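Biologist: I am new to this structure and would like to go through it with you. Could we begin with how its strands are arranged?
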Amino acid sequence: MDTVNRLVKEKPVVIFSKSSCCMSHSIKSLICGFGANPTVYELDRIPNGQQIERALVQQGCQPSVPAVFIGQKLIGGERQVMSLHVQNQLIPLLIDAGALWI
């Protein structure tokens with residue numbers, strides 16, 4: 001978990017993803033579509049990806065990707081992000097985290 005905390009520290013939006021995951025791609029596209037520039041870690045392309053994936057599962061991410069952190073807080077996966085979007089709560093979170101300016 002220390003690795004995950006270190007990777008999300010001081011970054012407004014972090015997405016843990018896998019290059020082959022269509023839901024990860026959709027969530028990245030959604031957040032980028034608002035004008036945010038998330039930091040993306042493709043777990044299948046980085047050396048310690050399996051270790052990070054285990055840490056995400058320990059934090060409650062099921063499935064492990066996509067795992068979205070906004071303002072250093074775990075938001076969750078695609079269901080949680082889409083739920084926030086439908087409830088018009090995603091953009092305010094991005095603004096509060098400093099990922100968007102209006």
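Modeller: A term is needed at the outset: two strands count as paired if DSSP finds at least two bridges between them. Please also keep in mind that this is a predicted model.

Biologist: In which sense do β3 and β4 pair, and over how many bridges?
Modeller: β3 and β4 are antiparallel partners, with 3 bridges between them. Within this pairing, Ile70 has Lys73 in β4 as its bridge partner.

Biologist: What holds paired strands together in general?
Modeller: Strands of a sheet pair through backbone hydrogen bonds, and the pairing is either parallel or antiparallel.

Biologist: What is the order of the strands in the sheet?
Modeller: The order is β2-β1-β3-β4, in an open sheet of 4 strands with mixed pairing. β2, residues 39-42, and β4 stand at the edges. Each of these two has a single partner strand, so one side of each is left without a neighbour in the sheet. On average, neighbouring strands are turned by 25 degrees against each other, direction ignored.

Biologist: Which strands does α4 lie across, and at what angle to β4?
Modeller: α4 lies across β3 and β4, and runs at about 90 degrees to β4.

Biologist: Why is Gln72 called partly exposed, and why is Asn88 called exposed?
Modeller: Gln72 has a relative accessible area of 40%, so it is partly exposed. Asn88 is exposed because its relative accessible area is 63%, and the cut-off for exposed is over 50%.

Biologist: What about the bond between Val65 and Pro66?
Modeller: Val65 and Pro66 are joined by a cis peptide bond, with omega about -5 degrees. Pro66 is placed in the loop between α3 and β3.

Biologist: Now a helix residue. Is Ile31 buried or exposed?
Modeller: Ile31 is buried, because its relative accessibility is 0%. It sits in helix α2, residues 22-33.

Biologist: Which residues does Ile31 touch, leaving out those up to four places away in sequence?
Modeller: Ile31 touches Val13, Ile15, Ala36, Pro38, Val68 and Leu94.

Biologist: How far is Ile31 from Pro63?
Modeller: From C-alpha to C-alpha, Ile31 and Pro63 are 19 Å apart in space, and they are 32 residues apart in sequence.

Biologist: One last topic: how many disulfides are found?
Modeller: The search of the whole structure finds 0 disulfides. Cys21 is in no disulfide, and its nearest cysteine sulfur, that of Cys22, is 5.7 Å away.

Biologist: Is Cys61 buried or exposed?
Modeller: Cys61 is buried, because its relative accessible area is 5%.

Notes. Residues numbered from 1 in each chain as written. Predicted model: local features only at pLDDT ≥ 70, side-chain atom pairs only at ≥ 80, totals over all residues. Heavy atoms only, no water. Buried < 20%, exposed > 50% of the residue type's maximum accessible area, 1.4 Å probe, protein only. Contact = heavy atoms within 4.5 Å. Axes fitted to C-alpha atoms, helices over the stretch in contact; angles between N-to-C directions. Disulfide = S-S within 2.5 Å.
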